[in-house]
Amino acid sequence: MEVVIQLEHSSTVLIRSIPMTTPEQIRAARAILGLSQPDVASAAKVSTMTIKRAEGSGKPGASADAVDGIRAALEARGVQFLEAGQVSEGAGVAIKRENFR
């Protein structure tokens, strides 16, 4: 999923796509690495509650900055986050959207 942001500067419009990281992706990445929520929290320099929020089990949800930091910490350990239609750089697991609940 992508969010498209249009930034107007004078008469020029810049369009930037920002990949969205879902709670399901964060949970799956953590599971693939065999990490606990406290492990990821330590690596991302956030609280364990922030990990819970990013994984969809806490309210309110995690901030975009926190999710970006969590994603970066997981990527630093070798996880590749995929957007719809993107091909992995190695062996991996993906879910077909029509089968997702």
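Helices here are DSSP runs of H or I with at least four residues, strands are DSSP runs of E with at least two, and both are numbered from the N terminus. The model is a predicted one, so local features need pLDDT of at least 70, side-chain atom pairs count only at pLDDT 80 or more, and totals for chains, interfaces and linings use all residues. Residues are numbered from 1 along each chain as its sequence is written, and side-chain values use heavy atoms, with hydrogens and water left out.

On to the overall layout. The protein has four helices and two strands, and reading along the sequence gives the pattern β-β-α-α-α-α. Of its 101 residues, 24% are buried, where buried means under 20% relative accessible area, exposed means over 50%, and partly exposed is in between (1.4 Å probe, protein chains only). The accessible surface is about 7,200 Å², and carbon and sulfur atoms account for 54% of that; such areas come from the Shrake-Rupley method with a 1.4 Å probe, and for residues only the protein chains shown count as cover. Contacts (heavy atoms within 4.5 Å) also say something about the fold: among those between residues at least 6 apart in sequence, 41% join residues at least 24 apart.

Next comes the inside. In soluble globular proteins, nonpolar side chains tend to be buried together. A nonpolar core is a set of buried Ala, Val, Leu, Ile, Met, Phe, Trp, Tyr and Cys residues joined through side-chain atoms within 4.5 Å. The largest one here has 14 residues, and I26, V40, I70 and L74 touch the most other members. Each of helix 1, helix 2, helix 3 and helix 4 supplies at least two residues of this core, with helix 4 giving the most, four residues. Leaving aside residues up to four places away in sequence, L74 touches I26, A29, R30, L33, L35, V40, V79 and F81.

Helix 2 (residues 37-44) is worth a look of its own. Its buried residues are Q37, V40, A41 and A44. They sit on the same side of helix 2 because they cover an arc of only 105° around the axis, the arc being that of the directions from the helix axis to the C-beta atoms. Helix 1 (23-33), helix 3 (48-54) and helix 4 are among what covers these buried residues. Just after helix 2, K45 takes a positive phi of about 60°.

Finally, the charged pairs. Side chains of opposite charge can pair when their charged atoms come close. A salt bridge is a side-chain nitrogen of Lys or Arg within 4 Å of a carboxyl oxygen of Asp or Glu, and the structure holds two of them. In one, E55 pairs with R30, with the closest N and O atoms 2.6 Å apart. This pair links distant parts of the chain, 25 residues apart: E55 is in the loop between helix 3 and helix 4, and R30 is in helix 1. E55 is buried, at 5% relative accessible area, and R30 counts as buried too, at 18%.

The other salt bridge joins R71 and E75, whose closest N and O atoms are 3.1 Å apart. Both lie in helix 4, four residues apart, or about one turn of the helix. R71 is buried, with a relative accessible area of 13%, whereas E75 is partly exposed at 36%. The side chain of R71 also makes a polar contact with the side chain of T21 (2.7 Å). A polar contact is a pair of N or O atoms within 3.5 Å; within protein, one must be able to donate a hydrogen and the other to accept it, and residues adjacent in sequence count only if both atoms are side-chain atoms.
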